[in-house]
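Dear colleague,

Please have it open while you read.

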Amino acid sequence: MAIGHVESVVVAIARWMSGAIAANLTLDNFAKERSVTTSTWFNATQLRRDWFSNVPRDLLAGTVVALALIPEAIAFSIIAGVDPKVGLYASFIIAVVTAIFGGRPGLISAATGATALLMVYLVKDHGVQYLFAATILTGILQIIFGVLKLGKHMKFVPRAVMVGFVNALAILIFQAQLPQLQGGSWLVYVMVAIGLAIIYLLPRVTQLVPSPLVAIVVLTAAAMTLNLDVPTVGDMGELPTTPPIFMLPQVPLTFETLQIILPVAATLAIVGLLESLLTASLVDELTDTPSDKNREAKGQGIANMITGCFGGMAGCAMIGQSVINIQSGGRKRLSTFSAGVLLLFFILVLGRWVSQIPMAALVAVMIMVSIGTFNWASIKNIRRVPKSETAVMVTTVLITVYTHNLAIGVIIGIALSTVFFSNKIAQVVFVDSVLSHDGDERTYKVGGQLFFVSVEDFLNAFDFEEDLARVIVDFSHAHLWDQSAVNAIDRVVLKFRRHGADVELLGVNEASQSLLNRLATHNDPQAQQNSANH
């Protein structure tokens, strides 16, 4: 197909989807809605740069990703307890829609194991129609997150957590391949070894064609020609023979239905966005290019809304497939778009041949992904990195691998990192004091950050038994952060006053003074009376 024809098809589909999502928006209004950094993809220059500046490699990468998506989508459908076509349809729709509306070119989104695990009990207890309704609600929540610009909070995820997330995902990807190897014949191991040899050795000869695609083609041809008895994609489940059709979920529109699907949808939305935005950050790093995280959140939401209306399950970004895409040369939106379109083409038109692909070929590709995903420098530099960051990274890995839940691992990693950071900040609080020549006045100079963790050290720095007429507490080099800090100051002032000393607070900055004005009680007559009674 000529590039001009490809452009026409993409533009036509994109315009159709924009009309389906917001029929009341004109082309100009839609363009204004885009951020300054991403501009509008309807602009001819932007369109060509984002879609058609890397066509051959994007199409080849999309082919590899599409083939690798098929068994994974089937496997995730089985995990969720639904028909394989639910995962396959979802992967097609999510990939196509996020290619158009997402904020990270080259990112691959589809049905995933992280989201599939969250659907099991909903499908088991209420049926697949409630899953479709929950998927639509998931999309709505994600769009809200994007509109509220919550993607900017990704900057609060420490690098140690990011490294732990990546390493844990690499381990999970590798573990997911083990069932395909256990109990298999020696032929499976030989084919995996040959596949890995092709993947790693072919780039030394030529890089015109992605080596994972060559490995898949060669091993499939060998298995079909020699009639080898090895597990194939067809053994995973029956491929659909018709494209997805529009179908609203058949559930009662009642408050009871909302009570059933809302907890699942909220969890899917959070986990999906967390994995998508972390994966987008990883692709940013791999390609040394920025992405719009808020646009990505909205794109994921739009994709899940549409997916639920076409009989698909909720999904999110896939780090394994995204790495495959990047390592195969995919960089632009066309790679993601072609992965979705080719996925549907393969299962509908070439299903007979696709079903003959040996699972060993795809296992080899995924092992390559796990090896390439793991941050080996984190092991090499483990002695150079601060022990607290190493502890955060290792904890994130262990929790994620143990629970098979990326969200839990990341949340615990962030919490642990916060604890370490708080302790580190608390240690920089210091209090110096100077006694006047006549011995009646002492000035305490406070420096650092005063909040709940550093309050105890702050209080221990004062000698309340000293016989003084006047006490000055200088906060010129300090900042108050919370109610605990204000409460500590109240205690200091009231204790000194109880011992007969006048207390003056100096040098409080504007933000800290505002906090004191709202929360402090040391000038309240009732507080002074209570202090005097002690």
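The residues lining the largest cavity are Thr 98, Ala 99, Gly 102, Arg 104, Pro 105, Gly 106, Leu 107, Glu 296, Arg 333 and Thr 336. Please bear in mind that this is a predicted model. Two helices, helix 5 (84–101) and helix 15 (333–348), each contribute at least two residues to that lining, and sorted by class the lining of the largest cavity comprises 3 nonpolar, 4 polar and 3 charged residues. The space in this cavity comes to about 40 Å³, and a search of the whole structure turns up 1 cavity of 30 Å³ or more.

**The largest pocket**

Turning to the pockets, the largest has a volume of about 740 Å³. Its lining is made up of 30 residues, of which Phe 76, Gly 113, Leu 172, Ile 173 and Ala 176 are the closest to the centre of the pocket. Two or more lining residues come from each of helix 4 (55–80), helix 6 (113–116), helix 9 (159–181), helix 14 (319–327) and helix 17 (359–373), with helix 9 giving the largest share, 8 residues. By class, 20 residues of this pocket lining are nonpolar, 8 are polar and 2 are charged.

**Two helix contacts**

Helix 4, which gives residues to the pocket lining, also packs against helix 15, at an angle of about 50° and with the two axes 7 Å apart. The two helices are therefore oblique to each other, and their crossing is right-handed. On the helix 4 side the contact is made by Val 55, Asp 58, Leu 59, Gly 62, Thr 63, Val 65, Ala 66, Leu 67, Leu 69 and Ile 70, and on the helix 15 side by Leu 334, Ser 335, Ser 338, Ala 339, Leu 342, Leu 343, Phe 346 and Ile 347. Counted by class, this contact of helix 4 with helix 15 has 13 nonpolar, 4 polar and 1 charged residues.

The other contact is between helix 22 (residues 483–498) and helix 23 (residues 510–519), whose axes lie 10 Å apart and form an angle of about 70°. Because angles of 65 to 115 degrees count as roughly perpendicular, helix 22 and helix 23 are described as roughly perpendicular to each other. Helix 22 makes this contact through Gln 483, Val 486, Ile 489 and Asp 490, while helix 23 makes it through Leu 515, Leu 516 and Leu 519. The classes represented in the contact of helix 22 with helix 23 are 5 nonpolar, 1 polar and 1 charged residues.

With best regards

Notes. Residues are numbered from 1 along each chain as its sequence is written. This is a predicted model: local features need pLDDT of at least 70, side-chain atom pairs count only at pLDDT 80 or more; totals for chains, interfaces and linings use all residues. Side-chain values use heavy atoms; hydrogens and water are left out. On a 1 Å grid over the protein atoms alone, a cavity is a set of points where a 1.4 Å probe fits but cannot get out, and a pocket is an open set with protein on both sides within 12 Å along at least five of seven lines; lining residues have an atom within 4 Å of a point. Grid points are joined across faces, edges and corners, and a volume is the space filled by probe spheres set on the points. Helices (H or I, at least four residues) and strands (E, at least two) are DSSP runs, numbered from the N terminus. Ala, Val, Leu, Ile, Met, Phe, Trp, Tyr, Cys and Pro count as nonpolar, Asp, Glu, Lys and Arg as charged, and the others, Gly among them, as polar. Axes are lines fitted to C-alpha atoms, for helices over the stretch in contact, and angles run from 0 to 180 degrees between N-to-C directions. Angles under 35 degrees count as roughly parallel, over 145 as roughly antiparallel, 65 to 115 as roughly perpendicular and the rest as oblique. A crossing is left-handed if the near helix is turned anticlockwise from the far one by less than a right angle, and right-handed if clockwise. Contact means heavy atoms within 4.5 Å.
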